[in-house]
Amino acid sequence: MAAVTDGVILQVGGLHPTVERELTTTYDALRLPAPGDERERFLAEHGSQVTVAVTGPGMDAALIGALPRLAAVINLGVGYDAVDVEALRPRGIVLSNTPDVLTDCVADLAVGGLIDVFRGLSAGDRFVRRGSWAARERFPLHRKVSGTRVGILGLGRIGRAVAQRLEAFGCTVSYHNRRRVDDVAYAYAASPVELAGSTDALIVVTPGGSDTRALVSAEVLAALGPDGFLVNVARGSVVDQDALVAALASGALGGAALDVFTDEPNVPEELFALDNVVLLPHIGSATVETREAMAQLVLRNLERFLADGTLVTPVAL
C-alpha cells in the first residue's frame, strides 16, 4: 500500500494523553464528537476527508461507512473486537493493535486475581475495615494457591505468560486452544468443558468477538463446580454472564475474579454482596508503564502508515 500523504486523521473517543497530545500537535487531528446531531454535522463536513482513524473505544460499521476514504484504523489495545472488522475487510482498510507491550501486566493481574479469590484478600480487607476482626469474629479459611491445577483458556502471548508465572507456584497447568500448541509441555484439553472438569481454576485469556462469545458456558461452569474458580481477564463476552451470576449466587461455582463484563461499566448487582467474587474495573493493562508503551506503539503505527502505507503491528483480517 502506498503512503497516505493527504487527508485528515480522526481521533475516535478518549485516548491516552500522550496519543491525544501528539495527534493534536503533530498531526492536527480532528476529534469525533459524541453521537448526536453534532456528530452528524461533523461527518457531513469532514467524513469524506478522513483517511486514518485512531481509536480506543472502537468503530462500528455505520461510522466506518461514513468515512469513504478511510484507509487505516489504529487501535489502542490488543483487543479489537469493538472494531467492526467485517466493515473493514471488503474495503481493504488495514487495522493495527498493540500486542506484546501489555502481556506482562495482564498476566500479572490474572495471577493476582487468582491469588485474591483463592486466599480471600479482598474479602479479608473488607472484613478488617468493617470491624469484624476487632469484634473477634472469625474469618473463614480459604484455599491454597501453590500446587493447584489451573486451566488456561487461550494459550497465546498472555496465556503463556500466565502459565510461566504459575509454574513458580508449583501449579499444574493445562490449556485449551482452537488448536494444540506444539512447543509446550502443558496438557491439552480438547474442549473448554474438558479443561474445566480437570482443574481447580480456569483463567480466561482468549480474544473477544463472535468466535468466542459465551465460550465459557453454563456447562463449562458446571464442570468447574462448587470447588472451582473462574478468573476472566479477557472480554466479558467470552463468559455467559447470566449463567455465571446464577452459579455464583447459588454456590454452584466456588468463586470468581472478574476484570471484564458484558456491559461495562455496568456490573450485575447480584455480585456486589458476594465475598467470593473479586470485581475489578477492567484494569488489565492499566499501569503507567504499559499504557505509555501502548501509546507509543499507536504513534509508531500511525507514523509508519503515513510514511509508507504499512503498519508496525498489523492485524490479519
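Residues are numbered from 1 along each chain as its sequence is written, and side-chain values use heavy atoms, with hydrogens and water left out. Because the model is predicted, local features need pLDDT of at least 70 and side-chain atom pairs count only at pLDDT 80 or more, whereas totals for chains, interfaces and linings use all residues.

Most residues other than glycine have a negative phi, and most peptide bonds are trans. Against this background, the peptide bond from Glu-264 to Pro-265 is cis, with omega near 10 degrees; Pro-265 is found in the loop between β11 (255-258) and β12 (277-279), where strands (E, at least two residues) and helices (H or I, at least four residues) are DSSP runs numbered from the N terminus.

A positive phi of about 50 degrees occurs at Asp-28, which is not a glycine, and this residue is placed in the loop between α1 (17-25) and β2 (30-31). With 63% relative accessibility, Asp-28 counts as exposed, a term for values over 50%, while buried means under 20% and partly exposed in between (relative accessible area, 1.4 Å probe, protein chains only). Asp-100, in the loop between β5 (94-96) and α5 (103-119), likewise has a positive phi, near 70 degrees, but counts as partly exposed at 46% relative accessibility.

In helix α6 (residues 121-129), the buried residues are Ala-123, Gly-124 and Phe-127. These cover an arc of only 100 degrees around the axis, and therefore lie on the same side of α6, the arc being that of the directions from the helix axis to the C-beta atoms. An α-helix has 3.6 residues a turn, so residues three or four places apart point the same way. Following α6 is Gly-131, with a positive phi near 85 degrees.
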